[in-house]
Amino acid sequence: MEGLGRLEYRGYDSAGVALVDDDRVATAKRAGKLTNLREALAENPPADSATAIGHTRWATHGGPTNANAHPHRGGTEGKLALVHNGIIENFHSLRQSLLADGVEFTSETDTEVVAHLVASAYADSGDLTRAMQDVVGTLEGAFTLLAVHADAPNTVVAARRNSPLVVGLGDGENFMGSDVAAFIGHTRKALELGQDQIVTITPDSCDVINFDGTPSEGKAYDVTWDAAAAEKDGYDTFMEKEIHDQPHAVRDTLLGRTDENGQLVLDEMSITEQDLRGISKIVIVACGTAAYAGMVAKYAIERWTRIPVEVELAHEFRYRDPVIDENTLVVSISQSGETADTLMAVRHAKELGARTLSICNTHGSTIPRESDAVLYTHAGPEIAVASTKAFVAQITASYILGLYLAQLRGGSFGRNAAEVLEELHGIPAKMSDLLGNLARVKEIAYFMADTRSVLFLGRHVGFPIAMEGALKLKELAYIHAEGFAAGELKHGPIALIEPGQPVFIVVPSPSAENGLHGKVVSNIQEIRARGARTLVIAEEGDDDVVPFADEVIRIPATSQLLAPLLTVVPLQYFSLQLSSAKGLDVDQPRNLAKSVTVE
Ligand code: F6R
């Protein structure tokens, strides 16, 4: 239950456990959050058991009900129990043939089909590993499966294809989980599995084979994440803790990036320097907040490298006919490394011959494993569903990539890379100052608890920040919110302005070379004149905004391209506080999941 609690962010519409007890398997399942299952187990405590599996679900086939919650049983006596992440794409036809054989189903899930198939294969061979191996060959789609059987005590068998699974190696006890958070309270030794592998654990053994039965070995590693890092550190919510973790996220992402000669180095690079010099176009693919990080990165990478950068939502990129070739670098950005839309875009890019580079926060996850090169963000585990610290780490990592490419290709910005890097190293301290000065943002949020609509304006790198501010507000406070490019205002959106309409404006630094500061100050005047309530995010010492601002939220002075790392912080905090003011679930907003592993 403790492990499930740590994994609840991965899906939380229902939960269940199965425990092997003598020659039977006992299950308990409840729709809703884990607390419902906890109550059910407290009312009806199961018998002692040393072998169990559990699951927190994010519904794909069949709604979030008790019956559809995992584990699912298989076999006439229900002696097998199985949990599953992912989707079995051919479950319809498999279900039809099972129905024709007289099998009775108790749920609408694709998972139950697999439970019956594995139970039936076990009846033939009497070997759970063999049974799993027999069944995985008939399945299409993405899955992690875990099974226990009453007649195979002390044994859990798992299989994975395109869905995460890690093993925790203990002393006289072993674990499996979708990620290490499930077991870091018990062991720091982990085993990373490859694609299409089956693993069988008992208290004293861990055996890995490939789907074709050939023996294999996973890759053992030590988990460096601290158990406490997965806790809330005294904050009320994970999101608040993670907002305050941001200086660390930036600092850690910058760690160890230069060699003894001051040259930038990346993590896992199997693209040659020569190939990188030949890159003629970069396409960034990502979803949601990660895509906004990509949009910010475009401004910096183009400026520093003069390589054209396109940013595209991964799900749109995947299903059109993008113009890319072996001189295109496709950069995916993903916190989880498991987002199905982004993974499919990366695979598509590879099919088309592009080089692929993954910016990712989760070691050993699928997207970096399938990419030619990886640049890990070091934000640590992000538990709150709404992304915060991963976002600033993604911008930081993209900037490292931009500077690396600039350095590699020479040119003036290559020579200036060290200067930018130094300024980046100064960001965490500025962020900490900013985080210490957000009391007024909280007051504004509580004052606005009944607000129905909020607009966000920004320009240049402030534009994606405006959209990120709007996304945070939608997902956390369920308020209609929209982010616009400030220059677009007069082309339509200004019609939305009516007396009292709150508008956040992200103002560029007065020191910005492109003169955008004055233009955005004019935009503030225009909307103020039409009755908008202006909430202005501006640099310390920027007095030009004061006459037209109902509120000024101050940001430490920094250069234009690095400002997003700071301007986003009050917007994140505002959404967090507005959500709290409305009494909503900050860490697990409705209808969302942390890791979207289906397309
Ligand atoms: C919003 C949010 C999502 C994710 C998106 C991509 O707060 O968290 O928009 O950014 O689902 O997820 P990853 O980065 O895991 O690929």
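1. A polar contact here is a pair of N or O atoms within 3.5 Å; within protein, one must be able to donate a hydrogen and the other to accept it, and residues adjacent in sequence count only if both atoms are side-chain atoms. With that in hand, an N or O atom in the side chain of T339 sits 2.5 Å from an oxygen atom of the ligand. S334 also places a polar side-chain atom 2.6 Å from an oxygen atom of the ligand. V385 takes part through its backbone, with an N or O atom 3.3 Å from a ligand oxygen.

2. How much of the ligand does the protein bury? Taken alone, the ligand exposes 400 Å², and the protein buries 89% of that; the areas are Shrake-Rupley values with a 1.4 Å probe, and for residues only the protein chains shown count as cover.

3. Before going further, please keep in mind that this is a predicted model: local features need pLDDT of at least 70, side-chain atom pairs count only at pLDDT 80 or more, and totals for chains, interfaces and linings use all residues. Residues are numbered from 1 along each chain as its sequence is written, and side-chain values use heavy atoms, with hydrogens and water left out.

4. The shell around the ligand holds 14 residues, of which S334, Q335, S336, T339 and E475 come nearest (a residue is near if one of its heavy atoms lies within 4 Å). By class, 4 are nonpolar, 8 polar and 2 charged; Ala, Val, Leu, Ile, Met, Phe, Trp, Tyr, Cys and Pro count as nonpolar, Asp, Glu, Lys and Arg as charged, and the others, Gly among them, as polar.

5. Which helix gives the most to this shell? That is α9, with 3 residues, while α9 and α16 (462-477) each supply at least two. Helices are DSSP runs of H or I with at least four residues, strands are E runs with at least two, and both are numbered from the N terminus.

6. Now for some backbone geometry worth a look. Most residues other than glycine have a negative phi, and most peptide bonds are trans. R306, in the loop between α9 (288-305) and β17 (309-313), has a positive phi of about 65°. R306 is exposed, at 66% relative accessible area (exposed means over 50%, buried under 20%, partly exposed in between; 1.4 Å probe, protein chains only).

7. N591, in the segment after α18 (564-581), has a positive phi near 65°. N591 is exposed, with a relative accessible area of 64%.

8. Lastly, a cis peptide bond joins H70 and P71, with omega about 0°. P71 is in the loop between β3 (51-57) and β4 (72-74).
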